[in-house]
Amino acid sequence: PFYNEQIKIVGFFTKLESNIQLQQEKINLLKEQKKGYMQKLIKKGIGHKQFKKSELGEIPLSWQVKPLADVVEFYNGKAHEKIIDEKGKYTLINSKFVSTEGKVQKNVSEQLVPLFIDDIVMVMSDVPNGKAIAKCFLVNKDNKYSLNQRIGLFRTKSMLTKYLYYYLNRNRYFLKFDDGVGQTNLKKSDILKCPILVPPFEEQQKIAGFLTKMDKKIQLEQYKLENLHQQKKSFMQQMSI
């Protein structure tokens with residue numbers, strides 16, 4: 001292209017790159033804000049003035065501390081290697097699926113461990129210093145997923161599922177089992193000892209509702225970022241024609 005056109009093209013891509021960077025920074029800030037709110041809400045709750053001592057430090061007077069075993073039923077997944085099928089009807093929930101938030105998927109022809117709406121699943125094995133250990137996924141559809149081995153399944157007995165999902169996801173209790181040297185393998189017995197802060201049900205709803213709104217904001221900004229990347233990719237392809 002002519003020099004003036006080169007200047008316009010460079011200016012366009014410079015602005016697009018700047019917008020991508022700003023959008024990523026916005027997402028990072030929202031994630032940091034959510035992390036801060038989570039730490040405050042799940043430890044101190046909403047509007048409490050009276051507190052008591054517990055094994056998890058000071059907690060609101062009306063809250064309880066219970067082992068995870070008291071509030072969930074726990075199940076293990078099963079090996080699916082022999083029924084992997086790219087045309088399979090069901091999506092296999094394995095560590096890669098959970099760690100990529102569903103972006104990397106495998107299909108299977110059978111549901112060896114069927115999952116249902118509001119089931120919580122959690123990665124139980126990972127490499128040293130991995131980002132997948134104790135990462136959770138909240139099942140949003142019936143008759144769609146099957147659970148792989150080394151992924152744990154929680155079904156709540158009495159707690160609000162969404163609150164428990166936020167509480168368990170990458171909880172520090174589980175991360176302490178990663179020594180940074182060998183493979184981390186969480187045992188059922190250790191998992192079920194995890195201490196859970198249990199607010200009254202109404203407060204669980206408020207906490208979960210607030211964090212869900214934060215997630216929706218982050219997701220919306222992620223869509224905007226993906227669109228910007230797609231624009232860049234599209235224009236680059238046009239330039240190469």
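# Pocket, helix and core in a predicted model

Tutor: The lining of the largest pocket holds 18 nonpolar, 12 polar and 16 charged residues. The model is a predicted one.

Student: How much space lies in the largest pocket, and which residues are the closest to its centre?

Tutor: The space in this pocket comes to about 2,200 Å³. Its lining has 46 residues. Those closest to the centre are Lys34, Met38, Lys135, Tyr165 and Asn169.

Student: Which element gives the largest share of the lining of the largest pocket?

Tutor: Elements that give two or more residues to the lining are α1, α3 (95-99), β9, α4, α5 (172-175), β13 and α7. The largest share is 10 residues, and the element supplying it is α1.

Student: What span does α1 reach from its first C-alpha to its last?

Tutor: α1 has 42 residues. At 1.5 Å a residue, the expected span is 62 Å. The model comes close to that, with 61 Å.

Student: Which residues of α1 are buried, and which residue just after α1 takes a positive phi?

Tutor: Buried here means under 20% relative accessible area. In α1 the buried residues are Ile9, Phe13, Leu16, Ile20, Gln23, Ile27, Leu30, Lys34, Met38, Leu41 and Ile42. Just after the helix, a positive phi of about 75° is taken by Gly45.

Student: Which element gives the most to the largest nonpolar core?

Tutor: The core has 36 residues, and Leu68, Phe154, Tyr163, Ile191 and Ile196 touch the most other members. At least two residues each come from α1 (3-44), α2 (68-71), β4 (72-76), β7 (120-123), β9 (136-138), α4 (161-168), β13 (195-198) and α7 (201-240). The most, six residues, come from α4.

Student: Which residues does Phe154 touch?

Tutor: Phe154 is among the core residues that touch the most other members. Leaving out residues up to four places away in sequence, Phe154 touches Leu68, Val72, Glu73, Phe74, Asp119, Ile120, Met122, Leu168 and Ile191.

Student: How many residues are in the second, separate core?

Tutor: This core includes Ile93, Phe97, Val98 and Ala132. Its residue count is 14.

Student: Is Asn148 buried or exposed?

Tutor: Asn148 lies in the loop between β10 (145-147) and β11 (151-156). Not counting residues up to four places away in sequence, Asn148 touches Gly77, Lys78, Ala79, His80, Glu81, Leu92, Ile93 and Asn94. The relative accessible area of Asn148 is 9%, so Asn148 is buried.

How values were computed: Residues are numbered from 1 along each chain as its sequence is written. This is a predicted model: local features need pLDDT of at least 70, side-chain atom pairs count only at pLDDT 80 or more; totals for chains, interfaces and linings use all residues. Side-chain values use heavy atoms; hydrogens and water are left out. A nonpolar core is a set of buried Ala, Val, Leu, Ile, Met, Phe, Trp, Tyr and Cys residues joined through side-chain atoms within 4.5 Å. Buried means under 20% relative accessible area, exposed over 50%, partly exposed in between (1.4 Å probe, protein chains only). Helices (H or I, at least four residues) and strands (E, at least two) are DSSP runs, numbered from the N terminus. Contact means heavy atoms within 4.5 Å. The expected span of a helix is 1.5 Å times one less than its number of residues. On a 1 Å grid over the protein atoms alone, a cavity is a set of points where a 1.4 Å probe fits but cannot get out, and a pocket is an open set with protein on both sides within 12 Å along at least five of seven lines; lining residues have an atom within 4 Å of a point. Grid points are joined across faces, edges and corners, and a volume is the space filled by probe spheres set on the points. Ala, Val, Leu, Ile, Met, Phe, Trp, Tyr, Cys and Pro count as nonpolar, Asp, Glu, Lys and Arg as charged, and the others, Gly among them, as polar.
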